[in-house]
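Dear colleague,

Please find below the structure that I am handing over to you. I would ask you to look at it first and then to read the notes that follow.

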Amino acid sequence: MSKLIIPFGAALLALVAGGAYWWLSSLDERTHRAVVTSHLNDPDSAKFRNVMRGTRDPEVWCGEINARNRMGGMVGFRPYVAYVKTDRSQDYADQLFVQPDEDGRGGIGIESVADFRSKWNAVCR
């Protein structure tokens, strides 16, 4: 009987630990998406792709986003960098940077394509 309890207990512990890890990872991604969409004109229209954590900082998320502009048209997928503080109990300042067009329009939190690419290369590659 005791030979069955130990493997069963180990399997149960592994299952609980795996579920907790999945839940926390899912919570981080939901928080990141909420931060990103809070900066948009139409948050419900947001479509994400190629989402990943930053390579040098676990509080950085990188990806591409497409959402509706003020005129109601989809702008096309644009790269973004989001700094999302994981400790939500303290004062925090989440930041979002979306790459502007070549003419400098449509970006969030950054003025030029060159500045955005520099930031992307520093934290997402």
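Does Arg33 count as buried, partly exposed or exposed? At 31% relative accessibility, Arg33 counts as partly exposed; the term buried stands for under 20% relative accessible area, exposed for over 50%, and partly exposed for what lies in between, with a 1.4 Å probe and protein chains only.

Before the findings, a word on their basis. This is a predicted model, in which local features need pLDDT of at least 70 and side-chain atom pairs count only at pLDDT 80 or more, while totals for chains, interfaces and linings use all residues. Residues are numbered from 1 along each chain as its sequence is written, and side-chain values use heavy atoms, with hydrogens and water left out.

**Strands S1 and S2**

Helices (H or I, at least four residues) and strands (E, at least two) are DSSP runs, numbered from the N terminus. Strand S1 (residues 47-53) and strand S2 (residues 60-66) run antiparallel and are joined by 5 bridges; two strands pair if DSSP finds at least two bridges between them. A hairpin leads from S1 to S2 through 6 residues. Opposite Lys47 stands Asn66 in S2.

**Salt bridges**

Side chains of opposite charge can pair when their charged atoms come close. A salt bridge is a side-chain nitrogen of Lys or Arg within 4 Å of a carboxyl oxygen of Asp or Glu. The whole structure holds 5 salt bridges.

One of them joins the side chains of Arg33 and Glu29, at 3.0 Å from N to O. Both residues lie in helix H1, 4 residues apart, which is about one turn of the helix. Glu29 is partly exposed, with a relative accessible area of 28%.

In another salt bridge, the side chains of Arg49 and Glu64 meet at 3.1 Å, N to O. Because Arg49 lies in strand S1 and Glu64 in strand S2, this pair ties together parts that are 15 residues apart in sequence. Arg49 is partly exposed at 38%, whereas Glu64 is buried at 16%.

Glu102 also forms a salt bridge with Arg117, and their closest N and O atoms are 3.5 Å apart. This pair links distant parts of the chain, with Glu102 in the loop between S4 and H2 and Arg117 in helix H2, 15 residues apart. Glu102 counts as exposed at 65% relative accessibility, and Arg117 as partly exposed at 43%.

**Aromatic rings**

Rings of Phe, Tyr and Trp (its six-membered ring) pair if their centres lie within 6.5 Å; planes under 30 degrees apart count as stacked, over 60 as edge-to-face and the rest as tilted. There are 3 aromatic pairs in the structure. Among them is the edge-to-face pair of Tyr83 and Phe97, with 6.0 Å from centre to centre and 90° between the planes. This pair links distant parts of the chain, since Tyr83 is in strand S3 (residues 78-83) and Phe97 in strand S4 (residues 95-98), 14 residues apart. Tyr83 counts as buried at 18% relative accessibility, and Phe97 counts as buried at 10%.

Phe116 and Trp120 form a tilted pair, 6.1 Å centre to centre with 35° between the planes. Both lie in helix H2 (residues 113-123), 4 residues apart, about one turn of the helix.

Charged side chains also meet rings here. A charge sits over a ring if NZ of Lys or CZ of Arg is within 6 Å of the ring centre and within 35 degrees of the ring normal. Arg33 lies over the face of Phe48, 4.4 Å from the ring centre, and the charged end of Lys119 sits over the ring of Phe97, 4.5 Å from its centre.

**Nonpolar cores**

A nonpolar core is a set of buried Ala, Val, Leu, Ile, Met, Phe, Trp, Tyr and Cys residues joined through side-chain atoms within 4.5 Å. The largest has 13 residues, of which Val36, Phe48, Ile65, Tyr80, Ala82 and Leu96 touch the most other members. Helix H1 (2-37), S2, S3 and S4 are the elements that give two or more residues to this core. Another core, of 10 residues, lies apart from it and includes Val60, Tyr83, Ile110 and Trp120.

With kind regards
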